[in-house]
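Colleague: I'd like to learn to read helix packing and sheet order from a model. Can you walk me through one?

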Amino acid sequence: MKLFYDLHLHSCLSPCGSDDMTPNNLVNMAALLGFQLIAVTDHNACANTEAAVRAGRAAGITVVPGMELCTSEEAHIVCLFPTPAAALAFEQEVARRSPPVRNRPEIFGRQLVLDADDALLREEDRYLLAAADLGAAEAAERVRALGGACFPAHIDREGYSLLSSLGAIPPEPGYRAVEISPRGDFPSLLRDHPELQHLLLLQNSDSHDLAQMPDPQAWVDLPENSAACLLDALNGRFAARWSRPG
Ligand SMILES: [Zn+2]
Ligand SMILES: [Zn+2]
């Protein structure tokens, strides 16, 4: 089945995410726009994934638990997991390996953890935009050990991308996919980095507020709409058909 996806969305747990990006709001907006498969990927945290997965069940779309990790290379990597429990296990490791910096909500924004009814459970105290002491290669290993998959985020951007930090996609993490921004210049990116030809090119919105969420564009053809099936496709366990960025 052809599924419109957006695998990079921030909830109100990200300090830069709008307080309106509650698990229910963002999931229902995605369903309304026509997405069938989304991932919630807050910076260095996964505490809203359980609520988002439940909201997804109610809305009839699949929500994949995820995180946008800031690695020791200062590169953003989207990490996806089969279950909220696996995502939270990864979060524990990231938290353990993060600098002891506290969030200052008045400067950076609030970091809200909500339940499945969007009620406030707590505010996350750890500052979530700090780079973890975890390199891209080790992170990829850890994510796969938890049954997940990962790919470098917005590689066409100047800031916090693996290409801007290292100048190339390193072979060690064994990525099968990379993400380009919705308005990324795909032809010139391929010209400058021919190594990308062999990778799957994903297009996700990286939305931080409801108004920013775009109409569906990119799709993947999967035998079933589930997190497990998407992760199998991303890890190359079978050959899925993906839309090509134009
Ligand atoms: Zn990012
Ligand atoms: Zn992001």
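Modeller: Helices (H or I, at least four residues) and strands (E, at least two) are DSSP runs, numbered from the N terminus. This is a predicted model, where local features need pLDDT of at least 70, side-chain atom pairs count only at pLDDT 80 or more, and totals for chains, interfaces and linings use all residues. Residues are numbered from 1 along each chain as its sequence is written, while chains are lettered from A and ligands numbered from 1 in the order in which they are written.

Colleague: How many bridges join strand 3 to strand 4?

Modeller: There are 5, between residues 62–70 and residues 76–80, and the two strands run antiparallel. Cys70 sits opposite His76 of strand 4.

Colleague: What is the strand order in the open sheet?

Modeller: Its 7 strands go 7-4-3-2-1-10-11, with mixed pairing. Strand 7 (149–152) and strand 11 (241–242) are the edges, each pairing on one side only.

Colleague: And how do I read a helix pair?

Modeller: Two packed helices are described by the angle between their axes and the distance between the axes. Axes are lines fitted to C-alpha atoms, for helices over the stretch in contact, and angles run from 0 to 180 degrees between N-to-C directions. Here, helix 1 (residues 23–33) and helix 2 (residues 49–59) have axes that come within 9 Å and cross at roughly 40°.

Colleague: Which residues make the contact?

Modeller: With contact meaning C-beta atoms, placed from the backbone, within 7 Å, helix 1 uses Pro23, Asn24, Val27, Asn28 and Ala31, and helix 2 uses Ala51, Ala52, Ala55, Gly56 and Ala59.

Technical notes
Two residues are in contact if their C-beta atoms, placed from the backbone, lie within 7 Å. Two strands pair if DSSP finds at least two bridges between them.
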